[in-house]
Amino acid sequence: IWCANIKLNHSTLKLIHLLFCSLRPCVRRYRVVRRLRAVVTMSGSWEEFFATHLPPTDFEDNRSLLKEFCDRHDRQSHRIVLVTSGGTTVPLEHNTVRFVDNFSAGKRGAASAEYFLEQGYAVIFMHRLKSLEPFTRHFSGQKLLDMLEMQEQSNNTTIRVKQDSVFALAPVLSRYQAAHAAGAILHVAFTTVSDYFWLLRAACEVLAKSGPRALLYLAAAVSDFYIPKDSIPTHKIQSDSGPPVIHLHLVPKLLAPLVNLWVPNAYVVSFKLETDENLLIPKARAALEKYKHKMVIANILQNRHQRVVVVTREANQEVLLTREELLAGVDIEAPIVDEIVRHHTDHIAERGAAGSR
Ligand code: 9Z3
């Protein structure tokens, strides 16, 4: 003010000061928004993603397994469901010590795979390595060892299932053995979001031949953010130079090419996860509008194993377990799968394909 050679009286200066103070929070907020924008970059195209990220090392093996599995079931006109399950990681280093992960345990996918098998589907179970799997999910932790008893007589050791555990183990074991004897389930595993993308596209390529008999049940909790390969340091991030700034990019949305190009005749079900109930249905419906697939299963993080809403173009249908059912260990996936199979049957009939079970 003095430089400009203008002399202001005390009350004018006070007014300017008050004006500046009232603007300061807005300026600060604007800076914060700019900083966040700078940290998350818009997604590139899915073509660019596949052109710049290498497939996982076991990719060709998994591709052969997927092809053999789908060809075999196709010859018998079976319905095939791809169930994706568990969370994806986002590595912070190439030699990965640290990574960003999410909450998903894989219960939704593992339980659903069992119910699809019961309904006669051939199941590709594409899951996060070490997340829950069909059948073994019932005996996680120490449960299985607690069911066994050991007898040692001279040189002879016998291990037996305790009599009071037989009723819990027998039905699961029998369903497990039947599924494996029939070659009705194939397990393929991913860890990172990039592995997941490569496997998803490979599975779609082989499923395309099944036309409307293919069902995609995309229950995996896939990261919305990732760090492109070129921006990841090779070695462990060091703490000497202070807190690291991590620059995340948005992942390309694969649902668009999946629905329109990769499996245009399949019945595609995606999942929408929210933590705010007010956003749940509007966002599920927006996804249906945007990608034009068949169904979105909407769920809230906190009660996802008790309540979901099945959103289709025609309706929102709530699937709810009572508290007693939940405590008794009833799986909400049973009625979810029933509902989907009903819609899938109509879809096959509409598209005029023979869909034997
Ligand atoms: C789901 O919403 C699944 O139901 C859960 C199941 C991951 C919540 P758990 O594995 O949990 O049984 O512990 N999956 C999809 C989540 C997701 O990433 N959805 C994206 C979104 O909401 C769209 S693909 O935007």
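1. Which element gives the largest share of the shell around the ligand? Strand 12 does, with four residues. Strands (E, at least two residues) and helices (H or I, at least four) are DSSP runs, numbered from the N terminus.

2. Some notes on the source come before the rest. This is a predicted model, in which local features need pLDDT of at least 70 and side-chain atom pairs count only at pLDDT 80 or more, while totals for chains, interfaces and linings use all residues. Residues are numbered from 1 along each chain as its sequence is written.

3. The chain has eleven helices and 15 strands. Of its 357 residues, 31% count as buried. Buried means that 20 or more other C-beta atoms lie within 10 Å of the residue's own; with 12 or fewer the residue is exposed, and in between it is partly exposed, with C-beta atoms placed from the backbone. Two residues are in contact if their C-beta atoms, placed from the backbone, lie within 7 Å. Among contacts between residues at least 6 apart in sequence, 73% join residues at least 24 apart.

4. Back to the ligand. Of the 15 residues around the ligand, Ser104, Lys107, Arg108, Phe271 and Leu273 come nearest. Helix 4 (107-118) and strand 12 (267-274) are the elements that give two or more residues to this shell. By type, the shell divides into seven nonpolar, four polar and four charged residues. Here Ala, Val, Leu, Ile, Met, Phe, Trp, Tyr, Cys and Pro count as nonpolar, Asp, Glu, Lys and Arg as charged, and the others, Gly among them, as polar.

5. Strands pair if DSSP finds at least two bridges between them.

6. Strand 12 and strand 13 (residues 295-300) run parallel and are joined by six bridges. Lys272 stands opposite Ala298 of strand 13, and Leu273 has Asn299 as its bridge partner there. Five of the six residues of strand 13 are buried.

7. The largest nonpolar core has 72 residues, and Val83, Val123, Ile124, Ala203, Leu207 and Leu216 have the most contacts inside it. Helix 7 (residues 193-207) gives the largest share of this core, eleven residues. Such a core is a set of buried Ala, Val, Leu, Ile, Met, Phe, Trp, Tyr and Cys residues joined through C-beta atoms within 7 Å.

8. Ser154 has a positive phi, near 40 degrees, although not a glycine. Ser154 lies in the loop between strand 6 (148-153) and strand 7 (156-161), and counts as exposed because it has 5 C-beta neighbours inside 10 Å.

Technical notes: Near = placed C-beta within 6 Å.
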